[in-house]
Amino acid sequence: LEAAAAGETGGTEAETMEELSVLAEYEAILQENQDFAGWITIEGTKVDYPVMLTKSDTDYYLMRNFNRQDDINGTLFMDARTNLEHRSTNIIIYGHNMRTGVMFGTLKNYKEKAFCEEHMTIRFDTLYEECEYRVVAAMLGSVAYEDEDVFRYYDAIDISTEENFNAFKENVMSNAIYTTDETITYGDSCLILSTCDNYKEDGRFVVIAKKIE
């Protein structure tokens, strides 16, 4: 499991930190680790974990636990380009596909459309807001070589322009192993969950869900 190269999006945290308040239920966890950025829960799976965000190194928690100790399971983490204060259009969360089922080890349940139809809702709260998402599609992907002309879902952070959104939607629909009755329209915010998949070298299994207002 490797994330894409990281950079930061525009705006300063100082501009918005005064406007946003950390949700009361997450204040204590944030005090334990300032990298804590949200919590994800998916019924019918083992996914019920904190999600981390490090602006300088997307992969910091790849092999570290919440307490920053070495741990083969790692911790769920966001792409470093995510800007929670300004609310990046899409949020990408990475996690290991562990055989024990921890982290994103049970995300593969979503390979079956029947399972998805029974578990359409994903709960993901950021530090600042409680959010629910509905699954739009599941797909297989991979980490591409620089010269490959493929859909780099892990770079689909900013879809705020209509051109970027249309390209994102078209690629999701054309690469999906299935889609649901949920549709995405320009202006929607999406959650992208990514884990390793051994269907090919550097393979990935990806679930895309849209934020429900």
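**A walk through the strands and the core**

Tutor: Happy to! This is a predicted model. Let's start at strand β4: Asn 90, Ile 92 and Tyr 94 point one way from it, Ile 91 and Ile 93 point the other way, and all are buried.

Student: Why is β4 described as largely enclosed?

Tutor: Strand β4 covers residues 90-94, and five of its five residues are buried, so the rest of the structure largely encloses it.

Student: Which strands does β4 pair with, β3 and what else?

Tutor: With β3 (residues 77-78), β4 pairs in the antiparallel sense over two bridges. There, Met 78 has Ile 93 as its bridge partner in β4. On β8, the arrangement is parallel, and five bridges join it to β4. Look for Ile 92, which stands opposite Ile 192 in β8.

Student: What else is Asn 90 in contact with?

Tutor: Setting aside neighbours within four places in sequence, Asn 90 is in contact with Ala 156, Ile 157, Ile 159, Phe 168, Ser 189, Cys 190 and Ile 192.

Student: Phe 168 is in that list. What does Phe 168 touch?

Tutor: Not counting residues up to four places away in sequence, Phe 168 touches Asn 90, Phe 151, Ala 156, Ile 159, Ile 184, Cys 190, Ile 192 and Ile 208. Phe 168 also belongs to the largest nonpolar core, which has 64 residues.

Student: Which residues of that core touch the most other members?

Tutor: Those are Ile 40, Ile 93, Tyr 110, Ile 122, Phe 168 and Leu 193. As for the elements, β6 gives the most to this core, with six residues.

Student: Okay, new topic. How many aromatic pairs are there?

Tutor: The count comes to seven aromatic pairs. One of them is Tyr 110 with Phe 115, an edge-to-face pair at 5.0 Å centre to centre, with 90° between the planes.

Student: Are Tyr 110 and Phe 115 buried or exposed?

Tutor: Tyr 110 is buried, with a relative accessible area of 0%. Phe 115 has 17%, and it is buried too. The cut-off for buried is under 20%, which is why a value of 17% still qualifies.

Student: Let's go to β9. Is it mostly covered or mostly exposed?

Tutor: Strand β9 (residues 203-212) is mostly covered, with nine of its ten residues buried.

Student: How does β9 pair with β6 and β8?

Tutor: Strand β6 (residues 132-142) pairs with β9 in the antiparallel sense over ten bridges. In that pairing, Leu 140 has Phe 205 of β9 as its bridge partner. Strand β8 (residues 190-196) and β9 are also antiparallel, over seven bridges. For a landmark, find Leu 191, which stands opposite Ala 209 in β9.

Student: What is between β8 and β9?

Tutor: The two form a hairpin with six residues between the strands, and Asp 202 there takes a positive phi near 60°. Lys 200 is found in the loop between β8 and β9.

Student: How accessible is Lys 200?

Tutor: Lys 200 counts as partly exposed, at 40% relative accessibility.

Student: Can we zoom out? How many helices and strands are there?

Tutor: The protein chain has four helices and nine strands. From the N terminus on, they run α-α-β-β-β-β-α-β-β-α-β-β-β.

Student: And what percentage of the residues is buried?

Tutor: Buried residues make up 51% of the 213 residues in the protein chain. The chain exposes about 10,600 Å², and carbon and sulfur atoms supply 44% of that.

Terms used. Residues are numbered from 1 along each chain as its sequence is written. This is a predicted model: local features need pLDDT of at least 70, side-chain atom pairs count only at pLDDT 80 or more; totals for chains, interfaces and linings use all residues. Side-chain values use heavy atoms; hydrogens and water are left out. Buried means under 20% relative accessible area, exposed over 50%, partly exposed in between (1.4 Å probe, protein chains only). Two strands pair if DSSP finds at least two bridges between them. A nonpolar core is a set of buried Ala, Val, Leu, Ile, Met, Phe, Trp, Tyr and Cys residues joined through side-chain atoms within 4.5 Å. Contact means heavy atoms within 4.5 Å. Accessible areas come from the Shrake-Rupley method with a 1.4 Å probe; for residues, only the protein chains shown count as cover. Rings of Phe, Tyr and Trp (its six-membered ring) pair if their centres lie within 6.5 Å; planes under 30 degrees apart count as stacked, over 60 as edge-to-face and the rest as tilted.
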